[in-house]
Amino acid sequence: MTPRRQLLSLLASAEFARAYTLTSLTAAFLSYLIARLMSPVTLATIISALSIIGLVMLIARRAELSLLRLAPTSLLGFITVALVSVVWSENRWDTFTGWLTLLGYAIIAVTIGHVRDTLQTVRAIGDTLRWLLSISLGMEILSGVLLDTPFAIFGIEGNLAFGGPIQGLFGTRNMLGFIAVIALITFVVEWRTQSITHTVGVFSVSLGALLALFSASPTALVLAATVGAATSALAIIRHTPPSYRITAQWVLGALVAVAMVLAFALRRRIIRVLDADSDFSLRADLWDMALDFIAQQPVTGYGWFGAWERGEYPFTYINFLLGEQHRSALNAYFDILLQLGWIGLVLFLVMGGVAIVRSWLVAGMRRSVVYAWTPLVLITLAVESLFESSTLTGVGWLLLVLCVLRAGQSRSWRENTDAAHTGAIPTLHPESDTRDTDR
């Protein structure tokens with residue numbers, strides 16, 4: 001075998017795919033720590049290298065991939081609009097580099113989505129978060145209990161002995177709370193699919209719940225309540241006889257609409273119950289200011305930059321007027337309106353909305369619990385986007401792209417098109433339920 005064939009064989013192997021997935025997930029979840037301990041340039045270099053390796057892996061596996069189903073159209077449309085925004089941006093180079101970051105994480109997510117199936121992806125995320133959350137808890141115990149001193153270099157304030165808030169390795173309490181909720185979803189799915197032992201399952205769920213609690217994040221509480229409600233609703237749908245399932249879906253949709261209206265009407269009381277008045281007041285001032293600038297360029301926005309780290313207009317001006325140092329709009333939907341206007345927001349909502357519907361329908365019909373992971377994570381990302389902009393950068397964006405891709409691999413027009421070309425019978429999902437017990 002020639003060296004070229006050996007390299008292609010290595011890149012297309014299952015072992016390399018697993019190593020790539022674990023490395024990429026670790027880099028994405030630790031993006032804050034990497035940038036803080038080293039530099040944003042180091043992080044950009046790591047993501048660039050991983051995205052290039054991902055492209056080469058996809059090329060090595062091109063015989064088993066379909067170009068038509070490589071990525072959902074809505075995802076490609078959103079990334080394209082972000083690139084085109086270079087044309088009207090006042091700082092074209094920074095917009096282009098912001099787009100490269102967006103593209104890099106997207107390539108990594110697309111690669112993982114094609115080289116690992118859903119259960120393998122869940123297991124990889126579970127393994128990664130078990131280690132990172134365990135290390136986070138250990139660092140918090142060392143800082144807040146044993147040494148009683150902050151670890152400023154890691155962004156750890158050492159408040160564990162006071163009941164929190166704690167940050168772990170993720171920079172802020174809200175980010176730790178968000179990742180803890182994602183971890184809980186992943187750990188429970190692992191446990192239910194018998195991918196981990198009972199002992200590991202108990203440890204994992206307890207670890208995620210403990211860190212979510214000590215993060216003292218109002219966002220984490222809202223996310224946990226939403227995921228709990230979504231899980232209960234999905235369980236009802238899954239146990240409803242097929243002949244009544246459509247009716248149940250419509251009833252559930254109506255209940256969700258009513259709940260959203262009630263939540264909006266009772267928002268101030270809910271905020272008081274969560275003891276989040278100061279947080280909401282800060283966000284309300286920021287959103288009001290952002291709306292003033294959005295009104296000046298409502299259709300196209302000011303160009304894609306991602307995080308507010310480079311000092312571009314209008315972000316620096318918004319912070320100047322508020323006397324703050326915000327790194328985002330603290331709301332992904334407002335951030336998209338500000339950067340890509342209504343064009344970008346519509347594409348983003350279509351991308352996420354279609355993915356939620358597709359994955360929810362698949363999870364409601366398929367026997368395996370593993371299919372519940374995608375809609376539950378998508379719902380978590382959608383709610384998280386109301387309070388933070390983390391869905392647009394780093395690991396939040398990677399998870400979103402991964403879930404959108406996973407949802408697009410089933411109940412898609414591409415599946416029927418591919419089946420027409422190959423003569424195959426289209427299925428709901430390319431994976432088999434027998435993978436549930438694959439260890």
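The predicted model contains 15 aromatic pairs, a pair being counted where ring centres of Phe, Tyr or Trp (its six-membered ring) lie within 6.5 Å, with planes under 30 degrees apart classed as stacked, over 60 as edge-to-face and the rest as tilted. One of these pairs joins F78 and F348 in a tilted arrangement, with 5.7 Å centre to centre and 50 degrees between the planes. This pair connects distant parts of the chain, since F78 belongs to helix α5 (residues 73-84) and F348 to helix α15, 270 residues apart. F78 is buried at a relative accessible area of 0%, and F348 is likewise buried at 7%; buried denotes under 20% relative accessible area, with a 1.4 Å probe and protein chains only. W308 and F315 form a stacked pair, their ring centres 4.8 Å apart and their planes at 20 degrees. W308 is buried at 7%, as is F315 at 2%. Ring pairs also link F78, W304, Y333, F348 and W397 into a cluster.

Helix α15 spans residues 332-365, helices being DSSP runs (H or I) of at least four residues, numbered from the N terminus. The end C-alpha atoms of its 34 residues are only 31 Å apart, whereas a straight helix would reach 50 Å, taken as 1.5 Å times one less than the number of residues. At L340, α15 bends by about 130 degrees, the angle between axes fitted to the seven residues ending there and the seven starting there. The N-terminal end of α15 is capped by N331, with a side-chain oxygen 2.8 Å from the backbone nitrogen of Y333.

Residues are numbered from 1 along each chain as its sequence is written. Local features in this predicted model need pLDDT of at least 70, and side-chain atom pairs 80 or more, while totals for chains, interfaces and linings use all residues; side-chain values use heavy atoms, without hydrogens and water.

Methods: Helices (H or I, at least four residues) and strands (E, at least two) are DSSP runs, numbered from the N terminus. A polar contact is a pair of N or O atoms within 3.5 Å; within protein, one must be able to donate a hydrogen and the other to accept it, and residues adjacent in sequence count only if both atoms are side-chain atoms. Buried means under 20% relative accessible area, exposed over 50%, partly exposed in between (1.4 Å probe, protein chains only).
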